[in-house]
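Please look through the model shown below with these numbered notes beside you.

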Amino acid sequence: MSKQEKYVSPEDIYDLQFPSDPQISPDGKKVIFVKKWIHKKEQKYYSNLYSVDTVRGTVVQFTRGEQKDIKPRWNRNGKQLLFIRSTQNKSELLSFYGGLGEPMPLISLEDGDIQDLAFSPDDKWVAVLIQKYDVSGEDRKKEPLKRDIDRLFYRLDGEGFRQKRAVQLFIVKSRGGRLIPITDVPRDVTDFAWNHDGTGIYYVTNDHEDPDRHMDEESIFFYSLKEKRHVRIEKPAGPIGWVQADPEGKYLYFAGHFKPGHSWGAVNSEIQQLHLETGEIHSLTASLDRTTDMVTLGDITPSFVKQKALFQTSEDLLFTVSSEGANPLFKFNILSGEITPLLDGPECVVSFSMSRDGKNIAVHLAQMERPDEIWLLELNSEKHFRRITFLNDEYMSSISCNVPEEYHIPSDNAVIQSWVLKPPGFNSKKKYPLLLQIHGGPRAQYGYTWFHEMQVFAAAGFVVLYTNPQGSQGYGHAFADAITGKWAEPAMNDLMAAVDYILELGFVDPEQCFVTGGSYGGYMTNWVISHTNRFKGAVTQRSICDLSSFFGTSDTGWDLEADFHDVPWKNPELYKKWSPITYADQIDTPLCIIHSENDLRCPVEQAEQLFVRLKYDKKPVRLVLFPEESHGLSRGGRPDRRVERLKLMLEEFRVKS
Ligand SMILES: CSCC[C@H](NC=O)C(=O)N[C@@H](CO)C(=O)O
């Protein structure tokens with residue numbers, strides 16, 4: 001087989017390299033990053049730290065072994081590097097001092113998980129977030145005799161029954177010593193930041209008296225190390241993504257909004273500047289009408305990464321937003337209020353870090369042309385952006401694949417950004433089968449990432465169409481909010497407009513159109529096939545078909561109230577109207593239902609209901625369940641199950657085409 005004849009296959013996830021979290025040294029000379037890898041025999045993911053020299057480009061493996069090494073963080077003089085290591089039985093905060101030798105443990109826990117860390121401004125202390133377990137040691141693996149549930153938010157997808165002990169903030173001396181607890185709050189501390197001079201720490205928690213019914217009403221506190229006192233920072237109610245102190249100590253910055261009670265993502269998360277003396281709050285990013293959350297979806301690119309805004313100088317704050325399939329990097333000047341783009345190409349800044357002088361910025365970048373790599377933005381006399389890792393080049397040169405083409409498709413009230421990925425060796429005179437992919441969220445976006453799943457289908461001969469219909473994030477508040485109270489409309493209209501548009505181009509066989517989607521995308525797949533017979537086959541994944549039962553069985557199902565402004569027992573008709581299962585008798589499209597047995601976000605009962613209903617009616621339906629897996633099977637599930645899922649979808653569509 002010649003080099004050009006090898007196409008992307010499901011098994012290629014074993015060949016891909018997954019870099020993330022680049023942390024540039026204060027002098028800008030090297031970047032430490034995390035590289036995730038798959039242990040094929042064990043079918044597990046591990047991660048190690050690597051270092052790349054920003055001048056010579058040499059890459060050195062910093063840590064080795066079958067563990068998860070994450071969150072490398074430099075101190076300010078660049079002499080110490082801390083990171084978190086998780087093994088089967090331990091969670092450790094490890095320290096490299098002087099860059100040589102074996103890392104030494106600062107904290108070693110067998111009864112808890114270390115989740116995050118940050119050096120104090122003088123480097124003498126480290127603040128850490130830790131979740132201690134309810135039970136430790138071997139007992140953790142045993143099932144209890146019974147479970148007494150006394151709260152609404154008692155399970156979390158990917159985790160299971162929630163720990164009773166919340167995530168708390170601690171500090172420890174950076175050279176080692178006793179772990180000192182800072183918080184003892186009933187709910188998780190979800191973010192924190194040292195203040196400008198290291199005399200205290202800001203932290204975020206939900207201290208609402210009914211936090212589970214008010215998950216988007218979070219508070220910020222300041223803990224003074226000298227006075228040993230917690231003070232609430234007054235602000236209007238609303239969710240908070242992260243907090244950041246300013247270098248002068250005058251303001252506090254955080255990401256969020258003040259419209260609680262809205263569905264997640266329907267309102268933009270904006271960067272808020274709070275004047276610490278007057279309490280005045282001002283949104284820095286309102287004029288952009290974009291969310292600062294990273295909501296671009298991918299199956300090898302991480303989504304929903306928390307990236308704080310970082311001060312480049314005492315006047316310039318750097319931050320990212322999600323916009324039109326991209327995640328540009330912007331600079332906000334505190335004095336002039338001017339916002340200037342630093343990176344605004346068709347690409348996604350997933351995360352970034354800065355050298356001490358702010359002139360070198362290490363970027364985890366996603367693009368459509370290649371799987372994610374680490375890049376360096378140099379802001380000296382001229383702006384220079386260059387790639388400094390080439391981890392996936394060997395893989396990319398071994399396969400033949402296309403870059404998606406972008407279309408802007410008119411629909412009733414909007415223009416829908418869409419991408420078409422053509423099969424390798426595409427010939428416009430031929431007619432190809434079409435696969436419409438529908439994303440979940442719903443307030444998320446497809447965008448400029450190299451998407452393994454899309455490439456697999458293109459390699460198998462499909463024209464893959466993926467779009468951001470109304471309800472997606474990245475096009476402003478009104479666009480994201482357009483599906484509120486409805487969910488299926490106007491998204492259905494937009495999706496069909498996109499299919500019609502592509503059919504008009506003449507290279508798709510209208511008799512060979514297929515549809516798939518996951519989560520909300522699965523909901524829309526169910527909706528599509530219960531409202532049109534134009535598709536020859538469908539695969540619905542981790543889907544929702546009955547909003548009413550979803551309300552009570554999903555880990556956060558009651559959040560639907562924010563979307564539908566009502567609850568199912570008071571307005572059953574509304575929930576029925578927008579539930580695809582209501583229209584099940586209209587489904588004639590052959591359907592394959594894929595669901596993970598441990599999906600707590602869209603519980604397996606959703607798949608079961610749809611399957612039994614269609615099977616009872618003798619409709620062409622197949623149910624494929626994946627044991628042990630949670631909602632995130634397609635991007636973080638056991639590797640062989642990820643491969644199997646793709647293979648079975650290919651088989652489903654191939655048999656029918
Ligand atoms: C709002 S109900 C649950 C839908 C789910 N949202 C968050 O978990 C969803 O659509 N998820 C997407 C995006 O993460 C998915 O692809 O799983």
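1. The shell around the ligand divides into five nonpolar, four polar and three charged residues, where Ala, Val, Leu, Ile, Met, Phe, Trp, Tyr, Cys and Pro count as nonpolar, Asp, Glu, Lys and Arg as charged, and the others, Gly among them, as polar. Its members are Phe304, Gly440, Gly441, Trp487, Ser519, Tyr520, Arg542, Ile544, Phe550, Arg601, His631 and Arg635, a residue being near the ligand if one of its heavy atoms lies within 4 Å of it.

2. Please keep in mind that this is a predicted model, in which local features need pLDDT of at least 70 and side-chain atom pairs count only at pLDDT 80 or more, while totals for chains, interfaces and linings use all residues. Residues are numbered from 1 along each chain as its sequence is written, and side-chain values use heavy atoms, with hydrogens and water left out.

3. Which atoms lie 2.5 Å, 2.7 Å and 3.1 Å from an oxygen atom of the ligand? A backbone N or O atom of Gly441 lies at 2.5 Å, a polar side-chain atom of Ser519 at 2.7 Å, and a backbone N or O atom of Tyr520 at 3.1 Å. Taken alone, the ligand exposes 440 Å², of which the protein buries 83%; these accessible areas come from the Shrake-Rupley method with a 1.4 Å probe, and for residues only the protein chains shown count as cover.

4. Helices (H or I, at least four residues) and strands (E, at least two) are DSSP runs, numbered from the N terminus. Another cis peptide bond, with omega of about 0 degrees, joins Glu489 and Pro490, the latter placed in the loop between α3 (477-481) and α4.

5. The largest nonpolar core has 55 residues, of which Leu436, Trp487, Ile502, Tyr523, Met524 and Leu547 touch the most other members. A nonpolar core is a set of buried Ala, Val, Leu, Ile, Met, Phe, Trp, Tyr and Cys residues joined through side-chain atoms within 4.5 Å; buried means under 20% relative accessible area, exposed over 50%, and partly exposed in between (1.4 Å probe, protein chains only). Helix α4 (residues 491-504) gives the most to this core, with seven residues. A second, separate core of 48 residues includes Leu16, Ala414, Met454 and Tyr466.

6. What does Ile502 contact, leaving aside its neighbours within four places in sequence? Ile502 is in contact (heavy atoms within 4.5 Å) with Tyr407, Ile409, Val420, Leu434, Leu465, Phe507 and Val508.

7. Arg232, in strand β18 (residues 229-233), is partly exposed at 37% relative accessible area. Its side chain makes a polar contact of 2.3 Å with that of Asp207, and another polar contact, of 3.2 Å, joins the side chains of Arg232 and Ser219. A polar contact is a pair of N or O atoms within 3.5 Å; within protein, one must be able to donate a hydrogen and the other to accept it, and residues adjacent in sequence count only if both atoms are side-chain atoms.

8. Finally, Glu628 has a positive phi of about 65 degrees although it is not a glycine, and Glu628 is exposed, at 56% relative accessibility.
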